[in-house]
Amino acid sequence: MESAVKANIERIRSAIAGAALRAGRKVSDVRLMAVTKTVDDDRIMEAIEAGIDIIGESYVQEAKRKIEKMGRSIEWHMIGHLQSNKAKYAVRLFDMIHSVDRMDLAVELDRRAGAADLATKILIEVNISGEKTKSGVPYEEAMRLVKDISSLDNLSIQGLMTMAPWFDNPEDARPYFKALRELRDRIIDANIVRAEMRELSMGMSGDYEVAVEEGATIVRVGRSIFGERPF
Ligand SMILES: *Cc1c(COP(=O)(O)O)cnc(C)c1O
């Protein structure tokens, strides 16, 4: 049976294009990541065949198996909480790590990246909402963390990542996306050497259109492509 993956991706791409147009942005400045935690290999392959070129995974072990099987013709990004003791694997496996939220993790990633002769691309995950259940550096400490991490030679800071709280109405997520963009702009104004700050990873199935209107450069979409995940 043909699954809906390809049609879903096409629908999401046109919604992203619409949101970019409304905001006066270039469609080519927004990339669609397919989030594939718990998704089986066949459906991931369908997404790749439909043109997806970034896959987001949340668990190192699950990602390792999938990357070994499906290869590196596409980018693999780490979006889940990362423990420092997995840093060694993470720098080898992932093209970008979106979930760097503390200095001890950054130091370990830097050390492992240096040992493997890599320059690992990272995003700083910011907990904009302050919800206790969310990971991410607190909003007020993000600038300091970017400055501290920018001194590490083997990490390349590409921008910021956040998860908005869950709302019935995606409009309610807008202030959180706007706050991440404004924080990014303040970091750019601070002229931190080696902090690139071109990426804003924000927006998921329920709220990616609003995120694009507010400046997202990578949206991370799972359920709207693959359907509900099993528990
Ligand atoms: C699961 C997940 C997503 C995708 O969420 P959906 O609601 O399935 O689109 C995005 N970002 C992170 C960090 C996730 O863990």
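These legends go with close-up views of a predicted model, starting at the ligand and moving on to the pockets.

**View 1. Who sits around the ligand.**

View 2. Zoom in on Lys37, where a polar side-chain atom lies 2.6 Å from an oxygen atom of the ligand. Arg229 also has a polar side-chain atom by a ligand oxygen, this time at 2.8 Å. With Arg220, the ligand brings a nitrogen atom instead, 2.9 Å from an N or O atom in that side chain. As for how wrapped up the ligand is, the protein covers 92% of the 380 Å² of accessible area that the ligand has on its own.

View 3. The ligand takes up the space of the largest pocket, which holds about 450 Å³. Its lining is made of 24 residues, and the closest to the centre are Lys37, Ser58, Ile79, Gly80 and His81. That lining splits into nine nonpolar, eight polar and seven charged residues.

**View 4. The second largest pocket.** This one has about 250 Å³ of space. Look for Pro165, Trp166, Phe167, Met204 and Asp207, which are the closest to its centre out of 13 lining residues. By class, the lining of this second largest pocket comes to eight nonpolar, one polar and four charged residues.

Conventions. Residues are numbered from 1 along each chain as its sequence is written. This is a predicted model: local features need pLDDT of at least 70, side-chain atom pairs count only at pLDDT 80 or more; totals for chains, interfaces and linings use all residues. Side-chain values use heavy atoms; hydrogens and water are left out. A polar contact is a pair of N or O atoms within 3.5 Å; within protein, one must be able to donate a hydrogen and the other to accept it, and residues adjacent in sequence count only if both atoms are side-chain atoms. Accessible areas come from the Shrake-Rupley method with a 1.4 Å probe; for residues, only the protein chains shown count as cover. On a 1 Å grid over the protein atoms alone, a cavity is a set of points where a 1.4 Å probe fits but cannot get out, and a pocket is an open set with protein on both sides within 12 Å along at least five of seven lines; lining residues have an atom within 4 Å of a point. A molecule sits in a cavity or pocket if more than half of its atoms lie within 2 Å of its grid points. Grid points are joined across faces, edges and corners, and a volume is the space filled by probe spheres set on the points. Ala, Val, Leu, Ile, Met, Phe, Trp, Tyr, Cys and Pro count as nonpolar, Asp, Glu, Lys and Arg as charged, and the others, Gly among them, as polar.
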